[in-house]
Amino acid sequence: MDTSERGSLDQVKHVVLVLSGKGGVGKSTITTELALAFRHSGRKVGILDVDLCGPSIPRMLRVGKPEVHQCDAGWVPVYADPQQQLALMSIGFLMEDPDEAVVWRGPKKSALIGQFVSDVAWGELDVLLVDTPPGTSDEHLSVLENLRKHKVDGAVLVTTPQAVSTGDVRREITFCKKTDVKILGIVENMSGFVCPHCSECSNIFSKGGGEELAKLTGSVFLGSVPLDPLLTASLEEGRDFLQAFPESSTYTAISDIAKTLLSNLES
């Protein structure tokens, strides 16, 4: 068995890229919460974190920096739960110093991403979410080139409501069309602010930019997620927000987005 076949995605039913036109829009937050929502619905989920400059998902899932082991099939993913329903592989696991900047040229980044796609022994998964760097760079092309031999269902695009963010997502939409990646939908993150005292949602950043962009581009609008201090604290502490706050409106928003996406994938 050659290296390209080891740890292949043959037993992964659905592969979804999570993209954003710019940094700071909460792409890793959406990736993490979608994975948790899928897990709570009984699915076996994986996250491939290839954001070289900001691998934040290990912290969000509170898995720390474990040693990455190898088996005959390749690298063994790290499980974020005792039931082994949520698997994770992150660039962050391979960095000796988490505070050190990744100053690499394109070919070195592309080679590592190629290894990550082909050499992780995911086993059986219902959904693999690929958390990518922001923008449309060499890393994105490397991910796509290495996933070509596998079925990629499409991409979820994450934006914030402001025009500067939705403008960047327009370029991401163009990237998807040029590379033949199906757009599974747009998520508007930080859509309003949930008051921690009265739970009222105020539109401090404006609202509706993501939905408007979806209409203009003929894309599916998956839904809006507000800026919620409870969600932020949960991510900082590595807690499962969906398990801790099932009565919140943010829980409903994330759950509805996950249900819609899962339904579209499995239909």
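Colleague: Why is Lys22 called partly exposed?

Modeller: Lys22 has 27% relative accessibility, and the label covers anything between buried (under 20% relative accessible area) and exposed (over 50%), using a 1.4 Å probe and protein chains only. So 27% makes Lys22 partly exposed. Bear in mind that this is a predicted model, where local features need pLDDT of at least 70, side-chain atom pairs count only at pLDDT 80 or more, and totals for chains, interfaces and linings use all residues. Residues are numbered from 1 along each chain as its sequence is written, and side-chain values use heavy atoms, leaving out hydrogens and water.

Colleague: What makes Phe241 and Phe245 a tilted pair?

Modeller: Rings of Phe, Tyr and Trp (its six-membered ring) pair if their centres lie within 6.5 Å; planes under 30 degrees apart are stacked, over 60 edge-to-face, and the rest tilted. A search of the whole structure turns up 1 aromatic pair. Its ring centres, in Phe241 and Phe245, are 5.5 Å apart with planes at 35°, so the pair is tilted.

Colleague: Is Phe241 buried or exposed?

Modeller: Buried, because its relative accessible area is 0%. Phe245 comes out at 22%, so that one is partly exposed.

Colleague: Why are the buried residues of α7 said to be on the same side?

Modeller: Helix α7 runs over residues 229–237, and Leu231, Ser234 and Leu235 are buried there. They cover an arc of only 95° around the axis, so they sit on the same side of α7. That arc is taken from the directions from the helix axis to the C-beta atoms. Helices are DSSP runs (H or I, at least four residues), numbered from the N terminus.

Terms used: Helices (H or I, at least four residues) and strands (E, at least two) are DSSP runs, numbered from the N terminus.
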